[in-house]
Amino acid sequence: MPLSEHEQRLLEQMERALYAEDPKFATALEGAGMRTHTRRRTGWAIAGFVVGLVLLMTGVMLPAIWISVVGFLLMLTGAVLAVTGWRRSPGQAQQQAEGGSGSAGRAPRPRRAKMMNRIEERWKRRRDEQA
């Protein structure tokens, strides 16, 4: 179950506080091990994508459709793993904590969260005006 917006904000605040208080410890927790794991996972995903492509082409040349289906599923799985591994790179948390992206003093939030906050504010204003 994904975290709510409030929980995500609290987690981001705790991460920023940890980096501000003890950057060495935070970097050690993040560690090169996680980077290595992400690189390895992305490498395996790319290799799986290439093998899937070869299977797909082999299945097209041979009269065996099931080989093409397996190849396509392998390509799809490899692409999804590569993209999700790339998005969740461990350096993102450190960039956010150092102020590498977004405005100073706060972590960037998804676009939808900002829109929902604006809608909530408008709703509260209308309710207050009517009361």
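How much accessible surface does the protein chain have, and what percentage of it belongs to carbon and sulfur atoms? I looked this up before anything else. The accessible surface comes to about 10400 Å². Carbon and sulfur atoms hold 64% of that surface. I note here that the model is predicted.

**Entry: the fold in outline**

I went through the secondary structure next. The protein chain has five helices and zero strands. Read from the N terminus, the order of elements is α-α-α-α-α. I then checked burial. The chain has 131 residues, and 18% of them count as buried.

**Entry: helix α3**

Helix α3 covers residues 65-87.

Is Ser68 buried or exposed? I found a relative accessibility of 10% for Ser68. Buried means under 20%, so Ser68 counts as buried. Which residues does Ser68 touch, once neighbours within four places in sequence are set aside? I listed Leu55, Leu56, Gly59 and Val60.

Leu73 gave another reading. Its relative accessibility is 47%. That value lies between 20% and 50%, so Leu73 counts as partly exposed. I also found Leu73 in a nonpolar patch on the surface.

**Entry: helix α5**

I moved on to helix α5, which spans residues 111-130. Arg126 is found in this helix. Why does Arg126 count as exposed? The cut-off for exposed is over 50%, and Arg126 has 51% relative accessibility, so Arg126 counts as exposed.

Note on methods
Residues numbered from 1 in each chain as written. Predicted model: local features only at pLDDT ≥ 70, side-chain atom pairs only at ≥ 80, totals over all residues. Heavy atoms only, no water. Patch = residues over 30% accessible without salt bridge, like charges linked within 9 Å, V, L, I, M, F, W, Y side chains within 5 Å. Areas by Shrake-Rupley, 256 points an atom, 1.4 Å probe, with all protein chains shown as cover. Salt bridge = Lys/Arg side-chain N within 4 Å of Asp/Glu carboxyl O. Helix = DSSP H or I, 4+ residues; strand = E, 2+ residues; numbered from the N terminus. Buried < 20%, exposed > 50% of the residue type's maximum accessible area, 1.4 Å probe, protein only. Contact = heavy atoms within 4.5 Å.
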